[in-house]
Amino acid sequence: MKVSMFQVDAFTGEGLHGNRAAVCLLDAWLPDEVLQALAERHALSETAYLVPEVGAYDLRWFTPTTEVDLCGHATLASAYVVLAHLEPGRQEVAFKSRSGSLGVTRDGDLYVLDFPSRAPHAVPSSPEVEAAMGLAPQEVWATPRDWLLLYDSDDEVRVLEPDMVLLSAFDRPGVIATAPGDHHD
């Protein structure tokens with residue numbers, strides 16, 4: 001099996017800096033076990049796999065241990081490979097992913113990624129949230145992937161001491177604690 005692979009340092013103009021990702025070009029999807037084994041072998045935070053489609057590319061991301069739904073730096077690295085090496089005349093590329101359609105445009109030497117939006121909805125708080133965070137939030141919001149906890153002040157956020165064991169039992173992997181900022185002149 002022959003797979004073309006690029007190693008790209010995202011977020012920098014210098015080699016061996018930034019956030020490194022592998023970008024592998026495939027003619028068709030390989031079995032998930034093969035994709036996972038290759039990502040493990042690359043030993044980078046993410047390996048992106050691209051399969052060309054009409055006018056776009058299918059895109060998937062794997063860490064050394066699992067497939068993930070979205071990876072910004074590996075998407076930018078993939079766009080760089082497409083726009084700088086595969087199709088240098090193009091100014092934008094569309095990717096189809098588990099997170100939906102992702103568009104990247106070239107702006108000079110910069111690449112701009114249009115991230116998907118996951119609109120939150122209000123949900124009731126629970127004793128589990130208070131126990132995990134050490135303080136009850138004023139509001140709790142949820143997306144399919146994250147919890148957003150709104151506190152009264154930035155001072156409340158600063159004193160939080162989350163219990164990572166309790167947080168790991170939540171049904172969403174991301175927990176964001178925020179508050180309106182105090183306006184200091």
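**Aromatic pairs**

I looked up the aromatic pairs and found four of them in the structure. I counted rings of Phe, Tyr and Trp (its six-membered ring) as a pair if their centres lie within 6.5 Å; planes under 30 degrees apart are stacked, over 60 edge-to-face, and the rest tilted. A pair of aromatic rings is described by the distance of the centres and the angle of the planes.

I noted Tyr-80 and Tyr-111 as an edge-to-face pair, because their centres are 6.1 Å apart and their planes stand at 75°. Tyr-80 lies in helix α2 and Tyr-111 in strand β8 (residues 110-114), so this pair ties together parts that are 31 residues apart in sequence. Helices (H or I, at least four residues) and strands (E, at least two) are DSSP runs, numbered from the N terminus. I then checked exposure, where buried means under 20% relative accessible area, exposed over 50%, and partly exposed in between (1.4 Å probe, protein chains only). Tyr-80 is partly exposed at 32%, and Tyr-111 is partly exposed at 21%.

I found another edge-to-face pair in Trp-147 and Phe-170, with centres 6.4 Å apart and planes at 75°. Trp-147 lies in strand β11 (residues 146-150) and Phe-170 in the loop between α5 (164-168) and β12, so the pair ties together parts 23 residues apart in sequence. Trp-147 and Phe-170 are both buried.

**On what I am reading**

I keep in mind that this is a predicted model, in which local features need pLDDT of at least 70 and side-chain atom pairs count only at pLDDT 80 or more, while totals for chains, interfaces and linings use all residues. Residues are numbered from 1 along each chain as its sequence is written, and side-chain values use heavy atoms, with hydrogens and water left out.

**Charges over rings**

I looked for a charge over a ring, meaning NZ of Lys or CZ of Arg within 6 Å of the ring centre and within 35 degrees of the ring normal. Arg-172 lies over the face of Trp-147, at 4.5 Å from the ring centre. Arg-60 lies over the face of Trp-29, at 5.1 Å from the ring centre.

**The sheet**

I traced an open, mixed sheet of four strands in the order β9-β10-β11-β12. Two strands pair if DSSP finds at least two bridges between them. β9 (121-123) and β12 (174-178) stand at the edges with a single partner strand each, so one side of each has no neighbour in the sheet. β9 pairs with β10 (residues 139-142) in the antiparallel sense over three bridges. I found Ala-142 in β10 as the bridge partner of His-121.

**Helix α1**

In α1 (residues 32-42) I listed Leu-35, Gln-36, Leu-38 and Ala-39 as buried. They lie on the same side of α1, because they cover an arc of only 160° around the axis (the arc is that of the directions from the helix axis to the C-beta atoms). The face turned away from them carries the exposed residues Glu-33, Glu-40 and Arg-41. The buried residues of α1 pack against β3 (47-53), β4 (56-62) and β5 (67-68). Just after α1, I noted a positive phi of about 55° at Ala-43.

**Ala-74**

I placed Ala-74 in helix α2 (residues 72-86). Ala-74 is buried, with a relative accessible area of 0%. Leaving aside neighbours within four places in sequence, Ala-74 is in contact (heavy atoms within 4.5 Å) with Ala-21, Glu-46, Ala-48 and Trp-61. I also noted that Ala-74 and Glu-139 are 65 residues apart in sequence and 33 Å apart in space, C-alpha to C-alpha.
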